Amino acid sequence: MLSRRTLLRAAALLPAVPVLAPGTAFAAIPSLPPALDRTSFAPHEQRFAPYLATLAPMVNDMDGSGFFAGGWWRTPAASYNARVQEHVFTLAWFHANARPWNPYAGDASLLAALDAALGHYLSLQHPDGSFPEYSRDQHGLAPTGFGLGYLAKTLRLLRASGALPARQAQLTAALRKAMTWFLDAGNRVVWQDRLTWANQTTSGLAGATHALQLDPDPALATRLTEAFARLPAVGQSPAGFFYEEGGHDMNYNFEVMLPELADAYLHSQDAHLVDMARAFTGFLSYNLLREPDGAGYLVNVAPSTRTSARWYDEVRPDPDRTALNWTFTRQVPLLSAFMTAREDLADARSAWAASTEPVTPLAKQDTSPRILTHGLYGERFPSRRQRAEAIADLPYLRSNDFAELRRDGSQDFLYVRKPGLYLGGYFGTRASRSRTGLTFLWHPDAGTIICGLNDNNYACWSTVFPGQAPDSNGSLPATYFHGAPGGHEWSGGRAPAALGIRYGNANVTTDVLVTRRAIRRTVTANAAATEQIPLVLHPTDVLTFTDGTRAAFGGTTTATADGFDLRRGRTTIRLRWNTPLQATLEAGSVRYFRDGARRFHALRIPHQGTFDLTVIMG
């Protein structure tokens, strides 16, 4: 194991560190030798290793004002952007925490850099307590919300180590000002009747729980309690998701919002946060599609409004943005289905420690300090047995016959399970980058067969008009029926034996009939169009058009046929459109899971305005 003195001596033999900008008030800190001793890291602190390797390059890019120049975190990489300064926590942690592998603990140059960084950070605060992000004059929700958490956690570290007493006093005052602004129920930047970015509002509440633990304030504590009570009504849809830019976003919901709720709950124990986690887990359980081969979950991503999280691996080693969600697994056992099992995580960490590969610095922008802050609380991941029990309780694995319709205003989220299939749809008003219409089709043995993407007109399940204009890139109101479309209407409750769906716009109407082992999709358009079907294919799949043409995985194949067969293991999925038409199967660039073996392919069949597709599941 290398001592601190040995590490610094070795660092001195490396090429000179970058020359700092003129006027810098602190000395450069030495870079580490490339071969860090992986075995010296405790398993739960392995996440710190790449940050350790990144610390010197990041600090040595700082300018004389204390601004984190160099573009390491957040955009715009401008001196007025308070979010760039969130790495004050990172500097504070490495300065305050002595570890066998941390040569920077107590380092005077690092402390001087932290002092300067805090000085610049606090200089950006407006008199009302808010911070800017996209312009110097902005009074921003995200920089103030996330800033509350980073500054409070930095203050906790400074107090524990006794460092920078003058900055401690400034931080105390800055946090009080920020909370006063943030917890004002009449502040329309933070609070709307329906939150625009629920994760950002919640981040500030989580930060306030830390700040008020450090410096109790009865009036602000009352406001915080009131905010927790207000949050479910304005931040969470009756469908279960958290509001993000007019709808649901899987990445922000599962990887940011839920961990921020967990962070807030760990210190507040507010019951409203458990209720919110439980409601969201219910929504999540319909939208993460478990692959039977154990690869993990594919995401029903088409309804996502902001980002494109497409899968979650079965085992997610460090760094895992969802890790803090373990906080709720005792109160919400179903959430364990979507966590890494503790035994699997231990195996992954043992493999990391045994690796002889060098620990490489993080890429610029991929340096989130949240990874480190969420490692402060210990861990309570579910066991393999607990996780398996939760997986068995997922709605589409627990039952093979239901229809679930969840609504939020003019948006419908439909999930239909029959013995041979599980089908999803997102109808009504389209939000931001989402794509409407049918979104996924899953088979109990073969797994996900069809899965549309968001923010992509070439990868959604759609009727596409010339100019690559899909109907799903717009609002598609739907009506639901007992039996075939046009029959007796259904709006929820007991699942009908066959469910009909009719949706469309002024240019096209689509009728869908869902039965035990098949769906029939009938399209009537006012012009020639193309049926576009987004397939998720495995390299071992056998792909054949009905004219006998064997399709190539990963390539492009065209055939004139009236159908297409996909054989996966012992299951064959048959797509039939009755009339011979020229059809093309084309691979896209999107791959799934860590190994990248699964790959997106689009099946496209041009037609003259009418198209009748039947998908027979097995």
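Q: Which residues in helix 7 does helix 5 meet?

A: This is a predicted model, in which local features need pLDDT of at least 70 and side-chain atom pairs count only at pLDDT 80 or more, while totals for chains, interfaces and linings use all residues. Residues are numbered from 1 along each chain as its sequence is written, and side-chain values use heavy atoms, with hydrogens and water left out. Helices are DSSP runs of H or I with at least four residues, strands are runs of E with at least two, and both are numbered from the N terminus, while contact means heavy atoms within 4.5 Å. From helix 5, residues including Leu 141, Gly 145, Phe 146 and Lys 153 take part, and they meet a helix 7 set made up of Asn 199, Gln 200, Thr 201, Ser 203, Gly 204, Gly 207, His 210, Ala 211, Gln 213 and Leu 214.

Q: How are helix 5 and helix 7 directed relative to each other, roughly parallel or roughly antiparallel?

A: Axes are lines fitted to C-alpha atoms, for helices over the stretch in contact, and angles run from 0 to 180 degrees between N-to-C directions. Helix 5 and helix 7 pack at an angle of about 25°, with their axes 7 Å apart. Angles under 35 degrees count as roughly parallel, over 145 as roughly antiparallel, 65 to 115 as roughly perpendicular and the rest as oblique, so helix 5 and helix 7 are roughly parallel.

Q: What volume does the largest pocket have?

A: On a 1 Å grid over the protein atoms alone, a pocket is an open set of points with protein on both sides within 12 Å along at least five of seven lines, a cavity is a set where a 1.4 Å probe fits but cannot get out, and lining residues have an atom within 4 Å of a point. Grid points are joined across faces, edges and corners, and a volume is the space filled by probe spheres set on the points. For the largest pocket, this space is about 920 Å³.

Q: Which of the 42 lining residues are the closest to the centre of the largest pocket?

A: Helix 5 (141-161), helix 7 (198-214) and helix 9 (250-268) are among the elements that give two or more residues to this lining. The closest to the centre are Asn 251, Glu 255, Val 256, Arg 321 and Arg 370.

Q: Which helix gives the most to the lining of the largest cavity?

A: The largest cavity has a volume of about 90 Å³, and Phe 146, Gly 149 and Lys 153 are among the residues closest to its centre. At least two lining residues each come from helix 5, helix 7, helix 9 and helix 12. The most, five residues, come from helix 5.
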